Amino acid sequence: MANIARRALFRGAAATVSAVAGSAALGAVTAAPAVADEVVGEGQDAMGARTTAPTGAVITPNDPRYAQLTTGNNQRYVAAPSYVKMIKSAPDAAAAITAAYRAGKRVSVRSGGHCFSNFVCNPDVQVILDCSEMTYVGYDPAMRAFAVEPGARLLSVYEALYKGWGVTLPGGVCYGVGAGGHIAGGGYGLLSRRNGLVVDHLYAVEVVTVDASGTARIVRATREANDPNRDLWWAHTGGGGGNFGVVTRYWLRSPNAPGGSAATPENQLVSPPSHVLMHIQGIPWSQLDEVKFSRLVKNFGAWHEANSAPNSPLRNLSSILNVYSKASGMLNLVTQVDAGVPDAAAMLDTYLNQILDGVTTARAASRKLPWLQAASLIGTINTTLNDPTLRGAHKSAYMRTNFTDAQLASLYASMTAADYTNPRAMLILFSFGGQVNAVAPDATAIPQRSSAFKMLYQTFWNSAAEDSTHVAWLRTLYANMHAATGGVPGLDGQTDGCYINYPDTDMADPAQNTSGVPWQRLYYKGNYARLQQVKARWDPSDYFRHSMSVKQV
């Protein structure tokens, strides 16, 4: 039965290759592009019924869908490729990669389209490989793990896993993000203090790679110690998307999941809380002066610094402080607590009292909600992020200790600037630490394992004519906040670098990053050399590359 499934897969692959090779839009080649005749790695027969090589559309400039598919979530970045190839299976990806490679065409890879930078959509790209139609989520008994395809959006992943088996991933709050890039970059959310990062539960990955001869291979790599492809698995535990090939499937299984006769789908991944206590506190700017503003932000930092240990008894509580500009009229604090832990209500009250101490005595009512309902609610609170026409600029920092007074003064000045009145400018502070910090820095590719909270700086607008104004404001804020470390978040001190899923090409620009610390260290620290080795093995011609991609040794 296993061999039948494998033969069926590659009969489909051969058909896909023939179809691709014969398409003028894809660049005709004199011989059918080469695709390896074997899946490289373990578990190749799992999901055999889904790998009979369905093929996606080829979308050229005269197609009405082209304009929509040549940009992403950030409208600042637009490509003009020869075509967009919709990917529907691993063999489909292999054929498309080989055809583009043989035609000498530069490719980029997209799953959900939420990349903050220009990795997918830029003038050098000649082919966009779009995996957004690969949306399957299900349990794979042969791998004893849950299979998630790269185009599945986070809320759909949560719904499928929870409704089907009562399990979940500790993933992000932005419900429309695709699993492909989210997982490859690490993945975190409101359950991460409780359950770690998404990649802490990544068991295996399927990647279509291409060798120096242009031969594409479907590679499956697991976290098993004896897996010869384990380095490719490791690279996808925080190495970022678009670096090594096209991810066509992830398999998720928690490290402590039982095996043998004790294994059931329901105990192979973590279960979320049945219910959570949800609290959303609005804080009007009209009630804030600089002293109260600074007190609020510093209270948030102090609590997280004090409670960032892996086994903190408060790891079941996570929070987001949305520091919006004064022009927005309001800041808000969103807090979630597992309602099933002892004294959950008291835990929430104590937290709110500490964060809002010296700021306001007002308290909004808390709500007890089913976890999945709460996850859906959180994803829709920030209505700005639901506007598909936005242009944006983004920066990040991991925080290990609290803010300095100088940083708070800079933040207040920027958020209240009389000459910058954009209501869609913000600094978002996310809970971090807890079980995230239980993992060694080199166990996964994401090395920041001693942080207390994470920061996302961002501002949004609609008109291209305003690009320079908004980018300049964000650059000034960021440079002032991190002035003590060369305008960027330094390593292993108060801050600990940047998050690769919030990429910022300024970090590679000496005019913006005056720290002398290369951008690669800011994102990957000591893990970058190992990522370079993986790159040399699996992408020897540096075919998969973008403005901040991993480079070979």
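This is a predicted model: local features need pLDDT of at least 70, side-chain atom pairs count only at pLDDT 80 or more; totals for chains, interfaces and linings use all residues.
Two pairs of packed helices come up, α4 with α10 and α8 with α9. There are also 24 aromatic pairs in the structure, and two of them get a closer look below.

**Helices α4 and α10**

- Start with helix α4, which spans residues 154-165, and helix α10, which spans residues 371-381. Their axes lie 11 Å apart, and the packing angle is about 180°.
- Angles over 145 degrees count as roughly antiparallel, and α4 and α10 are therefore roughly antiparallel to each other.
- On the α4 side, the contact is made by L155, Y158, E159, Y162 and K163. On the α10 side, W371, L372 and S376 take part.
- Sorted by class, this contact of α4 with α10 has five nonpolar residues, one polar residue and two charged residues.

**The buried face of α10**

- Which residues of α10 are buried? They are W371, L372, A374, A375, I378 and G379.
- Looking down the axis of α10, you would find these buried residues within an arc of 160°, so they line one face of the helix.

**Helices α8 and α9**

- Next come α8 and helix α9, the latter made of residues 344-356. They pack at an angle of about 135°, with 7 Å between their axes.
- α8 and α9 are therefore oblique to each other.
- From α8, the residues L296, N299, F300, W303 and H304 make the contact, and from α9 the partners are Y351, Q354, I355 and L356.
- By class, the contact of α8 with α9 has six nonpolar residues, three polar and no charged ones.

**What covers α11**

- Helix α11 covers residues 405-415, and its buried residues are Q407, L408, S410, L411, Y412, S414 and M415.
- What lies over these buried residues of α11 includes the helices α8 (290-306) and α12 (467-481), together with the strands β11 (317-324) and β15 (425-431).

**Aromatic rings**

- A pair of aromatic rings is described by the distance of the centres and the angle of the planes.
- Among the 24 aromatic pairs is the one formed by Y188 and Y499. The ring centres of Y188 and Y499 are 5.5 Å apart and the planes stand at 75°, so this pair is edge-to-face.
- Y188 sits in the loop between α5 (179-184) and α6 (192-195), and Y499 sits in the loop between α12 and α13 (519-524), so the pair ties together parts that are 311 residues apart in sequence.
- Another pair joins F403 and F453, with centres 5.5 Å apart and planes at 50°, so the pair is tilted.
- F403 belongs to the loop between β14 (391-399) and α11, while F453 is in strand β16 (residues 453-461), so the pair ties together parts that are 50 residues apart in sequence.
- F403 and F453 are both buried.
- Ring pairs also link F116, Y188, Y398, F430, F432, Y499 and Y502 into a cluster.

**Y139 and its contacts**

- Y139 is part of strand β5, residues 137-140. Its relative accessibility is 17%, and it counts as buried.
- Setting aside neighbours within four places in sequence, Y139 is in contact with R144, A145, F146, W165, P265 and Q268.
- Y139 and F430 are 291 residues apart along the chain, and their C-alpha atoms are separated by 31 Å.

**Loop residues to look up**

- Most residues other than glycine have a negative phi.
- D343 is not a glycine, yet its phi is positive, at about 60°. You can find D343 in the loop between β12 and α9, where it is exposed with a relative accessible area of 62%.
- D492 also has a positive phi, near 65°, and is a residue other than glycine. D492 lies in the loop between α12 and α13 and counts as partly exposed at 48% relative accessibility.
- T421 is in the loop between α11 and β15, and at 57% relative accessibility it counts as exposed.

Methods:
Residues are numbered from 1 along each chain as its sequence is written. Side-chain values use heavy atoms; hydrogens and water are left out. Axes are lines fitted to C-alpha atoms, for helices over the stretch in contact, and angles run from 0 to 180 degrees between N-to-C directions. Helices (H or I, at least four residues) and strands (E, at least two) are DSSP runs, numbered from the N terminus. Angles under 35 degrees count as roughly parallel, over 145 as roughly antiparallel, 65 to 115 as roughly perpendicular and the rest as oblique. Contact means heavy atoms within 4.5 Å. Ala, Val, Leu, Ile, Met, Phe, Trp, Tyr, Cys and Pro count as nonpolar, Asp, Glu, Lys and Arg as charged, and the others, Gly among them, as polar. Buried means under 20% relative accessible area, exposed over 50%, partly exposed in between (1.4 Å probe, protein chains only). The arc is that of the directions from the helix axis to the C-beta atoms. Rings of Phe, Tyr and Trp (its six-membered ring) pair if their centres lie within 6.5 Å; planes under 30 degrees apart count as stacked, over 60 as edge-to-face and the rest as tilted.
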